[in-house]
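Dear colleague,

Here is the structure that I promised to pass on to you, with the sequence alongside. My notes on what was found in it follow below.

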Amino acid sequence: MTATPLILNGFIMNVVGHVSAGLWRHPADRATEYVDLDYWIHIARLLDEAGFDALFIADALGQLDVYGGNADTALRTAAQTPVNDPLLLVSALAAATRDLSVGVTVSTTYEHPYLLARKFTTLDHLSRGRIAWNVVTSVLESAARNLGLERQMDHDERYDRAQEFLDVTYKLWEGSWEDGALVQDRVAGVHVDPARVHPIGHAGTYFNVPGAHLSQPSVQRTPVIFQAGTSPRGREFAARNAEVVFLGGARPADIRESVTQIRARAAELGRAPDAIRFITAVTVVTAATAQAAQEKHEDLLRYTDEDAALALFSAWTGVDWSRFDRDQPLEYIETNAGRSALRNFTRIDAERRWTVGDVARYIGIGGLHPTLVGDPVQVSDALERYAEEAGVDGFNIAYAVSPGSFEDFVTYIVPELRRRGRLPPRPERPLTLRERLQGTGQQRLRDDHPGARFRSLHTQVTSEGAA
């Protein structure tokens, strides 16, 4: 039986310290060079030549100031602070690579769809269809305060806004410009046929966008839609919109449960079983031998920082864990932040009662996601087993130290995965990201995607206007 290739993304953020707390202090880590474009180009080319599908760039808009009631710990320990804009990296990385796509995290809570639609169309043009949008709704109160709100919108209302946001962008990307609107007839002097460019006439609860899309259609029109969020509202949003769902969680059984629920709901919405691909995240510590990998892992553990870990965990959960003793057993607390992070730890192991200190130590390497340690065969076995148990199609590969963790993965794991048929050969021509995920020739949204219904928008708007 032929093995199915795994989706592989490099998982990173435009920061010094991403999900491994304190590891920026390790002598081998170069993440402090994140402000240098050469650092990013090195990583992108490394992953591109290794056959990775994408570089998945996380983002957050506010300071991590839940722990201790201020951002001091996050600043001191480089816990996702400071953070630069990921969108501005994309065109440079696209120019430096042939096949690698870039998935960029942008929040629907603090952007405007009319402006963001133009940004993603521009990036889709410049990357020749190698762009994805990881849609999030944001969890940080600090972002709300600094962007004009007294407090963050309620969790479920953020998803209401997000759905309308996407509907507006679908109208702009899929329905505003007809196929054939771009004429470029030098003799006739017609660049665009104005009869084929249409205002979207959107008047909604959160947005009023009457006009047409500013940009001519790009290769994919709509960027590939990534989504991360496993609350009930997050799963509903994923079933309606996502083409790739990023699921966190420490237990494969919990991830599989979310996969099953999202697939079932997507089917109710008329989407095919293979319309959505699923990924989760792991951190890999590897070397030529199992002993060398274990020694490397033990060395990394010496540089983890529990304060940094709890600054991250406080931001993710909305709970100030500085107020709890490290021996305090962990209990689920309802908050307005990311609800799945805390829920996962309160149910991670039926035989174990996790404490705050346990969580801080666990997060040290890999954040909320599992860490796999071993030689190439051991790690590849573990990846295949985890994918099977969780029901996922691939992985975001996080780093402990950057770019060293990526370099180790490419050196040791990629050849073994390729030997097993888990990495496809390099395509003869560059493919769009949607083609890599859905098959050659599938550059546009599938017909069963809810966003595709807006392709007839100009007919709908004309009919409504006539009425």
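The largest cavity has a volume of about 40 Å³, where a cavity is a set of points, on a 1 Å grid over the protein atoms alone, at which a 1.4 Å probe fits but cannot get out, and where a volume is the space filled by probe spheres set on the points, which are joined across faces, edges and corners. Please bear in mind that this is a predicted model, in which local features need pLDDT of at least 70 and side-chain atom pairs count only at pLDDT 80 or more, while totals for chains, interfaces and linings use all residues. Residues are numbered from 1 along each chain as its sequence is written, and side-chain values use heavy atoms, with hydrogens and water left out.

A search of the whole structure finds 2 cavities of 30 Å³ or more. The largest cavity is lined by Val16, Gly17, His18, Val19, Ser20, Leu23, Trp24, Asp29, Tyr399 and Ala400, a lining residue being one with an atom within 4 Å of a point. By class this lining has 6 nonpolar, 3 polar and 1 charged residues, with Ala, Val, Leu, Ile, Met, Phe, Trp, Tyr, Cys and Pro counted as nonpolar, Asp, Glu, Lys and Arg as charged, and the others, Gly among them, as polar.

The second largest pocket has a volume of about 290 Å³, a pocket being an open set of points with protein on both sides within 12 Å along at least five of seven lines. Of the 13 residues that line this second largest pocket, Pro5, Asp53, Pro424, Arg436 and Leu437 are the closest to its centre, and the lining divides into 8 nonpolar, 1 polar and 4 charged residues.

Next come the annotated positions. In an unreviewed entry, UniProt lists Asp59, Thr105, His155, Tyr159 and Ser231 under "binding site"; the positions are given in the numbering used here, feature names are shortened, and annotations may be inferred rather than shown by experiment. Asp59 lies in the loop between β2 (54-58) and α2 (72-77), with helices (H or I, at least four residues) and strands (E, at least two) taken as DSSP runs numbered from the N terminus. Because its relative accessible area is 23%, Asp59 is classed as partly exposed, on a scale where buried means under 20%, exposed over 50% and partly exposed in between (1.4 Å probe, protein chains only). Leaving aside neighbours within four places in sequence, Asp59 is in contact (heavy atoms within 4.5 Å) with Met13, Val83, Asn84, Pro86 and Thr105.

Thr105 itself is in strand β3 (residues 101-107) and counts as buried because its relative accessibility is 4%. Beyond four places in sequence, the contacts of Thr105 include Phe56, Asp59, Pro86 and Asn134, and its side chain reaches the backbone oxygen of Ile57 at 2.8 Å.

The loop between α2 and α3 (90-96) holds Gln80, and Ala78 lies in that loop too. Ala78 has a positive phi of about 60° although it is not a glycine, and phi of Gln80, likewise a residue other than glycine, is positive and near 50°. Gln80 is buried, because its relative accessible area is 8%, and Ala78 counts as buried at 10%. Not counting residues up to four places away in sequence, Gln80 touches Met13, Val15, Gly17, His18, Val19, Leu64, Leu312 and Trp316. Pro82 is also placed in the loop between α2 and α3, and the peptide bond to Pro82 from Thr81 is cis, with omega near -5°. Another cis peptide bond runs from Ser402 to Pro403, with omega near 0°, and Pro403 is found in the loop between β13 (394-398) and α14 (404-419).

Two further buried residues may be of use to you. Val224, in strand β9 (residues 224-228), counts as buried because its relative accessibility is 1%, and among the residues it touches are Trp133, Glu243 and Leu437. His449 is in the loop between α15 (433-438) and α16 (457-466) and is buried, with a relative accessible area of 3%; not counting residues up to four places away in sequence, His449 touches Tyr170, Arg240, Asn241, Glu243 and Arg271.

With best wishes

How values were computed. Polar contact = N/O pair within 3.5 Å; in protein donor to acceptor, adjacent residues only side chain to side chain.
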